[in-house]
Amino acid sequence: VGTSSSAGGRHSLVAASHAGSDDDGTLRLGKDLMRTLSTICATQEYKDALASLPEDSLLRSSFDSIDEDVDMLLEETALAMSDWALAFLDRIYLLLHAAGEQEKASKHRGVASRHSSADVANKKNFGRILKETMVQMFAAMDEETLESAIRSVVRFLQEETLAFAAKDASNLCQAVAAARLMPSSDNTSNVASPGLDALVPVLIDDLPHHSNKTIIYRLRCMAGAVKYAGKAVLNHRDSIVSAIDCAFSHSDRHVFKNGCKLLRHTLASQCEAYPISSDCRPRLRQSGQASIGRSSQLRDDHVVWHVPSGEQIDFAVDLLQRFVIAKLHGLAEEENLSSSFVTVGEESEEEGLKRKVDALRWRRMLRILRYSLRGCSGILLDPEDYESYDSPGLHASFRRSSSIPVDEEDELEVGPHVKANRAL
């Protein structure tokens with residue numbers, strides 16, 4: 001920029017690097033670096049150096065309008081970004097079409113033309129970047145743009161069934177249906193998911209009467225939609241339960257597996273804590289300061305988190321009771337097994353060979369149990385020296401050998417969340 005300005009800038013940066021150094025010899029480089037650069041850019045010497053640059057200089061042209069109204073610039077940028085977001089969404093649809101056609105072509109050409117390990121790694125990285133981009137794009141949308149984007153996604157899901165791009169379509173549904181802060185009439189914000197409210201009727205509509213590929217595609221999209229939808233899942237519990245029932249009663253193993261994924265993501269969305277996507281973008285705490293050209297500050301940033309409520313935990317318990325505990329006991333009764341289940345060593349090898357069980361049904365049951373544990377594992381306590389069971393059977397009460405014993409009959413008043421955890 002200039003000799004004198006550069007010299008002063010280097011001196012200020014060195015001073016900023018030494019600022020805040022402790023007496024123990026620790027040197028924190030870059031402390032308050034952006035604030036120091038902002039101070040340098042606000043000096044008259046720096047502005048004079050910019051004014052002396054040629055008119056065709058890119059650096060000068062970027063600072064010619066620095067004194068304009070920042071609010072007006074932000075408003076114009078927001079209007080342009082709304083149109084850009086919808087156009088970008090159309091490009092995402094084209095990417096999904098292209099991914100599906102490429103995968104379909106590789107399936108028909110045989111083993112020689114299938115993807116290598118490098119292609120698989122590149123595809124995973126591309127999918128990860130695309131998912132994060134879609135999540136942040138929908139999180140930054142205003143209510144009017146979000147409404148238009150939701151209508152566009154609903155129309156895309158109604159018109160297209162891209163079986164070979166089901167994972168990317170699931171990521172799209174995850175971004176659309178993620179819980180967000182919505183303004184209410186009393187000037188407060190409540191957590192809702194307008195995307196999930198729009199997607200569920202489309203994905204569940206006449207689900208059992210579609211082809212296997214369409215059922216798999218819609219179950220995959222539904223699993224992505226409920227992943228971070230928060231409490232809005234409770235408004236569609238009947239539809240979700242009917243979809244899981246449809247998948248578990250289906251004879252196709254791929255449909256069954258995607259039903260397990262839907263159960264897993266539904267349990268995780270109701271049991272785990274995760275940030276609300278529309279509120280997890282960094283902000284500047286100082287009021288009246290423009291955010292253009294300044295680094296974000298994550299420290300002391302009050303991000304709103306989804307915290308499971310007692311009703312959500314009760315819904316998770318109901319899912320476990322319906323699809324795991326009840327089915328497990330029903331299968332044991334049909335196979336003439338005891339209610340306590342036969343353990344190793346309780347019967348001889350000859351008796352074990354005589355017992356005939358349906359291996360396929362038990363394999364399915366174990367898959368359901370595995371996906372269920374993966375879904376609710378985030379809320380289960382770690383084992384710490386459990387004592388012997390108080391009562392035999394599947395519903396045995398665990399006692400923690402710690403200074404704070406768990407007593408279900410204590411007289412302490414606990415909230416619904418704690419009661420639901422104990423039930424789980």
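**Salt bridges and helices**

Tutor: Glu147 and Arg151 are four residues apart in helix 7 (residues 143–159), so about one helical turn separates them. Helices here are DSSP runs of H or I, at least four residues, numbered from the N terminus. This is a predicted model, where local features need pLDDT of at least 70, side-chain atom pairs count only at pLDDT 80 or more, and totals for chains, interfaces and linings use all residues. Residues are numbered from 1 along each chain as its sequence is written, and side-chain values use heavy atoms, leaving out hydrogens and water.

Student: What do the side chains of Glu147 and Arg151 form?
Tutor: A salt bridge, 3.4 Å from N to O. The term means a side-chain nitrogen of Lys or Arg within 4 Å of a carboxyl oxygen of Asp or Glu.

Student: How many salt bridges does that rule give?
Tutor: Three. Another one joins Glu311 and Arg237, with the closest N and O atoms 3.0 Å apart. That pair links distant parts of the chain, with Glu311 in helix 13 (residues 310–334) and Arg237 in helix 11 (residues 237–248), 74 residues apart.

Student: And what about Arg322 and Asp318?
Tutor: Their side chains meet in a salt bridge too, at 3.6 Å from N to O. Arg322 and Asp318 are four residues apart in helix 13, so they are separated by about one helical turn.

Student: New topic: where is Met34?
Tutor: Met34 sits in helix 2 (residues 33–41).

Terms used:
Helix = DSSP H or I, 4+ residues; strand = E, 2+ residues; numbered from the N terminus.
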